[in-house]
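Subject: Structure for your review

Dear colleague,

Please find below the sequence and the structure that I am handing over to you. My notes on what was found follow directly after them.

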Amino acid sequence: MAVRLGLLPSMLWLLSPSAVAQSAESEAPLTTIPVASSEPPAEAPLQRDRDAPVLLEEVIVTARKREERLQDVPVSVAAFSAEQLDARGIVSVRDLGTSVPGLQFTDLAGYNLIYLRGVGTDAFVPSADPSVATYLDGVYFPSGHSVVQSFGALERIEVLKGPQGTLFGRNSTGGAISIVTKTPDQQQENSLQASYGRFNDSKTRLYTTIPLTDELSTSVSVFYNRADNYYRIDNGRDTQLPTEIGKGARLRAAFTPTDDFSLVLTGMLMQQSGTSSTTSVNTQPSAILGASIPAETREYVVTADSEPSLRTTTAAYYGNATWQLPLLDIKLLGSHYYVNADDYVYDFDGSSQGIATYGADSEYQTIDTGELQFSSNAGTPGASWLKWVGGVYYLRSEGGYDPGYLTLTNIGLPVIGNLVDRLPAPLQNLLGGVPSLESLRFNFTGLIGAESWSGYTQATASVTDWFDITLGGRYQTEKRTLIRSDVGLNNLGGGLSTVVSFAPRSARVDNFSPKVSLDFRPADDLLLYASFQQGFKSATYNIINIYTPPDYIEPEKVESLEAGIKSDWFDRRLRINGAVFQNNIRNLQTGFVSFTTGGAINFENAGRARIRGAEVDITTAPLREWNPGLVLTAGGSWLKAIYTDYQNGSGYDEQTGLAFTNGDFTGNRIVRTPKFSGSAGISQTLDVGDGELELAGNYYYNSGYFYLAQNSPVSFEGHYDLISARLSYLYRPWQLKLTLFGDNLGDTRYNLAQFHTDFGREDTLAPPITYGLRLNWDF
């Protein structure tokens, strides 16, 4: 490192003596992976050093809406190129959870529930926007359903930690995940990935580019995945659980008629079918079921009376046009996104008895977005010391249940009578002559819409060659509308008993989210930064309302203070990035599931919460001269996440299992947030003949977390650890790679999902030990 002589001597303690002594002339050339993008190129594009370990290569990111080296960005970002994803064994975005400190993935009824640094969303309804925003090629996809599937031909994935309200807008209070796919160019490129593993798990993915003219090029990406369910069904009938199938295609076209204009259009269609986490068992029945229904075991067996299933169809069309003008760059982005879940069946009681079934004939979301963005370039006045970006953004969305349903069967059984006796008087009056019915079905229709406008700007000024200051802000106005909320009560024959309709409602909320960041470069390869920023999550309404009016859910606001370091040491043999932070959250939105409190799936506000944390990410090639193929990685996240004011919260009585709405959860731990999570990995590559042999392993540890805000012991997921390993061989002349892989080699049993209802606790175990063979071929 070459020390900036003008910096305060008090900062020199951060530098290692050997690194300080290293002259700028003796530094190894910075290695980078070139990124295809419609963004203007970096002023000094760097070339990748093919002799450097893949895991230490530099990645170009767009965390500040312009291309920058990862280590130069004063934002906590975990970024992975396509090759680094492969080197870590990451084949889907969910796999990032074991590689990114503080990132927690769980699943519920087909929804990805993502928590980052303790901030996330634990409800699985269309009115519950995720707190970690997902972007695909710069376009916002707000649905919680699995758009983040493995489509192949990725350029990179960026995980931006902490609120990103200034540049990434609404609903990024926890952070953002940005997925960037390859832009087709004039170079012919083909790749195939195919794998086969336990449970007849076969995955096939194909990508090809097709240059048509000197100005026009296209690419096609398709995938097809199929696997037997690792659960088996035992319900006394000759049935099997549905096969898990995922399939889809993406078509991209890039048109570049001149050097300063480009247009990229993308269309994709995807379908997932199977069960996801609708396969669950009741391991802790509540007293409402009585003693006649025993607890299910934590085995991979489901005895559900109703047969779980879920099918999700996603269609998206988006594009961006970029003009590189002499004084500034202009970008226009637009998108249309539609997702629909049908054939949705969930055994709501999770037992072998036919008691309650939850589902939807149609659960959908449709989103249209548009963005006009302006940014500085090398020709902008003041470009030598000032870089800026600004723009306007528009979003319109609609979604909900049309309809969803909750069915009660065997009404005459004591179990149902036990339930009805405990219902509030309004619902008992609504049910009327329940004992005379064999089955009862609530059809609920709940639709919600949003229209949002925002304007944003952010600028970074270089005060000296070692000190920058960044100022930014975003103003947003959004109208949320409860379009429709009603419930029909009918038996399975279709006879309607009662219909309740709630009046439409709407509310408008304005918000301004600022950002201030100071970053210092006391030496080459060393960045220190401190920042203050805010995030905003939209208000919403509960859309599943059986007998109580829809509740309005206040917007969630986050204030974050952070200090961090990004550093490379010892001729870039060692990379250490870390941060300490505090998030103060107001009106934290959290979910609760109960039939007896007015609906089935509800959102509510916890008054205030606070998250204090620290994280570190380390990568090193310790023996670069003698053994350049050895790379070690380690990372960890420590979080103290508590509700500082949470009164009148919803929970379950630990003795009876009955729901209550007057709990005081102040001081409790925030749900789905472990105190510690971390991983360590080792990768050894060796040249063997005309190829390369790699042996790699990874260890992940999670200290455990609660699923309920009341922190009931029955809702605690205990600590667990996971071990994975890979052995691969790359034959360079053919660019053919074979990988033998194994995941969860310790056969650890932990939950992919945990679901609490009036009937008890339902578990869905994550996959057991899996193994298989994967082929990658670039041709």
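Leucine 116 stands opposite valine 119, a residue of strand 7. Please bear in mind while reading that this is a predicted model, and that the values in this message were computed from it.

The strands around this pair

Strand 6, which covers residues 111-116, pairs with strand 7 in the antiparallel sense, over 2 bridges. Both strands belong to an open sheet of 3 strands, in the order 5-6-7 and with antiparallel pairing. Its edges are formed by strand 5 (103-108) and strand 7 (119-120), each of which pairs on one side only.

The chain as a whole

The secondary structure of the chain amounts to 4 helices and 46 strands. The chain has 779 residues, and 59% of them count as buried. Among the contacts in the chain with a separation of 6 or more, 70% are between residues 24 or more positions apart.

Arginine 575

Arginine 575 is part of strand 33, which runs over residues 574-593. Is this arginine buried or exposed? Arginine 575 has a relative accessible area of 9%, and it is therefore classed as buried, because the cut-off for that class is under 20%. Its side chain is joined to that of aspartate 568 by a polar contact of 2.8 Å. Leaving aside residues up to four places away in sequence, arginine 575 touches Leu56, Glu57, Glu58, Gln71, Ser567, Asp568, Asp617, Ile618 and Thr619.

The second largest pocket

The volume of the second largest pocket is about 260 Å³. Strand 18 (281-285), strand 44 (751-757) and strand 45 (760-765) are the elements that give two or more residues to its lining. The lining consists of 19 residues, and those nearest the centre of the pocket are Gln284, Asp653, Glu654, Gly657 and Val714.

A hairpin connects strand 44 to strand 45 through 2 residues. Threonine 757 has glycine 760, in strand 45, as its bridge partner. Strand 44 is mostly covered, with 7 of its 7 residues buried.

Strand 42 (residues 720-731) and strand 43 (residues 736-743) run antiparallel and are joined by 7 bridges. One of the residue pairs here is alanine 725 with glycine 742, the latter lying in strand 43. The two strands form a hairpin with 4 residues between them. In the turn of that hairpin, glutamine 735 has a positive phi of about 50°.

Which strand does strand 43 also meet through 8 bridges? The partner is strand 46 (residues 770-778), and the two run antiparallel. Lysine 737 has asparagine 776 as its bridge partner, and this asparagine lies in strand 46.

With kind regards

Conventions
Residues are numbered from 1 along each chain as its sequence is written. This is a predicted model: local features need pLDDT of at least 70, side-chain atom pairs count only at pLDDT 80 or more; totals for chains, interfaces and linings use all residues. Side-chain values use heavy atoms; hydrogens and water are left out. Two strands pair if DSSP finds at least two bridges between them. Buried means under 20% relative accessible area, exposed over 50%, partly exposed in between (1.4 Å probe, protein chains only). A polar contact is a pair of N or O atoms within 3.5 Å; within protein, one must be able to donate a hydrogen and the other to accept it, and residues adjacent in sequence count only if both atoms are side-chain atoms. Contact means heavy atoms within 4.5 Å. On a 1 Å grid over the protein atoms alone, a cavity is a set of points where a 1.4 Å probe fits but cannot get out, and a pocket is an open set with protein on both sides within 12 Å along at least five of seven lines; lining residues have an atom within 4 Å of a point. Grid points are joined across faces, edges and corners, and a volume is the space filled by probe spheres set on the points.
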